[in-house]
Amino acid sequence: MSGPHDMGGEPAGPVGKEVREPEDWERIADAINAALGKKGLQTTDEHRRAIESLPNYRDLAYYERWASATEKLLVEKGILAKVEIDEKAAEIHHRWDGA
């Protein structure tokens with residue numbers, strides 16, 4: 001069974017070489033990933049496996065994959081419950097939107 005990275009031979013089109021500054025939430029996703037690694041709560045291999053197993057992998061941008069995979073690992077390991085993550089995300093979304 002091939003994963004989303006097994007694209008050998010498929011048409012891919014040109015490679016985008018533009019560079020952009022990461023958005024704040026992308027920096028936070030990166031920092032959370034690094035902190036979880038430093039605390040021994042996830043490894044690079046675990047994170048990569050979680051990324052590659054995302055059912056919507058091809059629909060997500062790079063850091064969207066990171067955030068989704070981190071959530072998946074935290075739930076798989078019983079560190080957080082999905083409902084806890086969803087509630088906190090809603091709280092932050094509400095705060096940022098000022099609604």
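Ser53 is located in the loop that runs between helix H2 (44–52) and helix H3 (62–76); helices are DSSP runs of H or I with at least four residues, numbered from the N terminus. The model is predicted, so local features need pLDDT of at least 70 and side-chain atom pairs count only at pLDDT 80 or more, while totals for chains, interfaces and linings use all residues. Residues are numbered from 1 along each chain as its sequence is written, and side-chain values use heavy atoms, with hydrogens and water left out.

**Ser53**

- Ser53 counts as partly exposed because its relative accessibility is 31%, between the limits for buried (under 20%) and exposed (over 50%), with a 1.4 Å probe and protein chains only.
- The side chain of Ser53 reaches the backbone oxygen of Ala50 at 3.1 Å.
- Between Ser53 and Asp86 there are 20 Å in space, C-alpha to C-alpha, and the two are 33 residues apart in sequence.

**Thr70**

- Thr70 belongs to helix H3 and is buried, since its relative accessible area is 8%.
- The side chains of Thr70 and His47 are joined by a polar contact of 3.1 Å, that is, a pair of N or O atoms within 3.5 Å, where within protein one must be able to donate a hydrogen and the other to accept it, and residues adjacent in sequence count only if both atoms are side-chain atoms.
- Apart from neighbours within four places in sequence, Thr70 is in contact with Ile32, Asn33, Leu36, Gln42 and His47, contact meaning heavy atoms within 4.5 Å.

Definitions and conventions: Helices (H or I, at least four residues) and strands (E, at least two) are DSSP runs, numbered from the N terminus.
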